[in-house]
Structure formats: C-alpha cells, structure tokens
Amino acid sequence: MVQYQTERLNSAFAALSDTTRRGVLEQLGRADASITDLAVKFDMTLTGMKKHVGVLEQAGLVTTQKVGRVRTCRLGPRRLEEETAWIERYRQLWAARFDRLDDVVEELKQQELRDKRNAR
Amino acid sequence: MNASEESEPARMKNTTVERKSDREMVVTRTFDAPARLVFEAWTKPELFMKWWVPKSSAMTLRSCDMDIRTGGKYRLVFGADAAHQMEFFGRYIEVTPPSRIVWTNDEGEEGGAVTTVTLEEKGGRTLLVMHDLYPSKEALDASLAAGSNTDALPETFDQLDEVLATLASKGS
C-alpha cells in the first residue's frame, strides 16, 4: 500500500517535471486531441509524443481512447483533484507565511506600546 | 461562552485563497494591528526575512535586496548553497505607504504575474488582500503546478524517509 502510494506520487511528479508534458496538459485542458494533433502542435515525432502521453497516462493525468485508427487523449480524472491539491498547497504556504507575519507584526505592536509607556 | 466570541480569533487568523478567474488568484488575511505596522513588516528587509520563508519549508533565503519605492527593484535569492539557488526578482510598480504595494514577478521566461497587496485598516485591524494577475490562464496553471512541484518536494522526501524507515525496520 505504502509502496503503491509512493510510486503514484513519484509518477505524478515525474510527469509534471517536463515542460512538454505540462504543455500537453494545458493543451488538453482546452480541448481533447489525438496523438497526431499533439505531435504536430509540439513539433515532435509521433513516437516521441506517444512516450510523453504514456507517462501522463501512467500517472493518471491523461486517459486515451482508440476509435478506429485515431487515439484521442483527454484529461484524466485526477486533473481536478490536482488543481484542488495545488490550490490547497498554495493556501498552506501563505497561511504559514502569514502566521509568521502575524508574529512579526505583534512584536512591532508590543514594541510601540513599550515605547509609548517609556515616553510618558 | 457564546459562539461569536469563540469564532472571532479563528476567523481572523484564517488565510483564504480563491481562484477568482482563469488569470487571478486572491489571498486574504486579517491582522490585529494597524496597517502601518503590517506595511513596516512587509517593507523592511530585516523584518521581511523573518516571515517570508515558513519554518515548514526547506528553503533558505540567502539574500534579500529590496529597494522599496515606486520604480525600485527587488531580488530574492533562495537555496541551500550557491550551486542550488533560485532567484525571484522584479520591479515595484507602485509603493504607497501604508496601504498599497504593487510589483512585477520577472523571473519567468514569459511575462509573469503582477502582484498587488492592499492593506485596509478598520477599527485597529488590517485586512490584507494579495491579488495576483497572470498574463494568461496557462501561466497561472503552470505556476500552480510548478509551485506544488517544488514546494511539495521536501515533504515528498519526508514521506520517502518514512517509507524507507518502515522498510528498514521490517528488514531487521
């Protein structure tokens, strides 16, 4: 179970670490596309694009479906969860920052009060 | 004790994040202090360095140059050492004490976001609103993805450490 989670996490990070693959995700966010469309758009060979899509598919970020001779790619079920997770991650970063800013501001406030008392 | 007394401090310390549109992120937080003190903590480098890098983060702020005035520039350098450093830099478009700071984020290859921080004081408290406007939906998506990618790494390593520890204890 732990092993499985780690693999899943690693595959998602690996999938997102590549500029082309992030570009493919953005592209599929606008519209579904065939592997041929994507290869043309990103100026790559069909084989190269197949590899990228394979990595995204394995990470659960993209699903593909073959109809006749055309394989269509669309965003996988994890796409929305990913965005929610990204936003939560972002919120945590800012909440942590602002908790510390709160401490710094509180120190300034106390300092001011002390200075006022001393001036009297 | 009534419910409003209980929820007041909790609501104040609450940091909210909302994706307002394809190109905008908005973060808010209320501080129990006048705006000038929040402004001071944001604009004095020695104070800014105390809070910008959260303790939970593995990042270290190596240097922090801030020429805080309209038209001034800033440069933040993060990283464990010179070989693994990351720079964030840009220009202050507007600095109006104690209520408004606007800056560009120029480290990206394409146009970066413009960040606007406003401080609104009411009854001795200050509502801070941080608004990021990205040049495109794709730029915001990529930034969120990249942020989660780099920021999550230390935690990923922690999780990996746990896994390794579990495996090691089982093996012995």
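In chain A, helix H2(A) meets helix H4(A): A:Thr20, A:Arg21 and A:Val24 on one side touch A:His52, A:Val55 and A:Leu56 on the other. Keep in mind that this is a predicted model. Below, we start with that helix pair and then look at the nonpolar cores.

**How the two helices cross**
- H2(A) covers residues 19-30 and H4(A) covers residues 46-58, and the two pack at an angle of about 75 degrees.
- Their axes sit 10 Å apart.
- Angles from 65 to 115 degrees count as roughly perpendicular, so that's the label for H2(A) against H4(A).
- Sorted by class, the residues in this contact are three nonpolar, two polar and one charged.

**A look at A:Leu16**
- You'll find A:Leu16 in helix H1 of chain A, which spans residues 2-16.
- A:Leu16 counts as buried because it has 20 C-beta neighbours inside 10 Å.
- A:Leu16 and A:Val55 are 39 residues apart along the chain, yet their C-alpha atoms are separated by 9.6 Å.

- In soluble globular proteins, nonpolar side chains tend to be buried together.
- Here, the largest nonpolar core has 20 residues, and A:Leu101, A:Val105, B:Val38, B:Ala41 and B:Trp42 have the most contacts inside it.
- Helix H5 (78-119) of chain A gives two or more residues to this core, and so do helices H2 (35-43) and H3 (45-51) and strands E4 (73-79) and E6 (100-104) of chain B.
- The biggest giver is H2(B), with six residues.

Key: Residues are numbered from 1 along each chain as its sequence is written. Chains are lettered from A and ligands numbered from 1 in the order in which they are written. This is a predicted model: local features need pLDDT of at least 70, side-chain atom pairs count only at pLDDT 80 or more; totals for chains, interfaces and linings use all residues. A nonpolar core is a set of buried Ala, Val, Leu, Ile, Met, Phe, Trp, Tyr and Cys residues joined through C-beta atoms within 7 Å. A residue is buried if 20 or more other C-beta atoms lie within 10 Å of its own, exposed if 12 or fewer, and partly exposed in between; C-beta atoms are placed from the backbone. Helices (H or I, at least four residues) and strands (E, at least two) are DSSP runs, numbered from the N terminus. Axes are lines fitted to C-alpha atoms, for helices over the stretch in contact, and angles run from 0 to 180 degrees between N-to-C directions. Angles under 35 degrees count as roughly parallel, over 145 as roughly antiparallel, 65 to 115 as roughly perpendicular and the rest as oblique. Two residues are in contact if their C-beta atoms, placed from the backbone, lie within 7 Å. Ala, Val, Leu, Ile, Met, Phe, Trp, Tyr, Cys and Pro count as nonpolar, Asp, Glu, Lys and Arg as charged, and the others, Gly among them, as polar.
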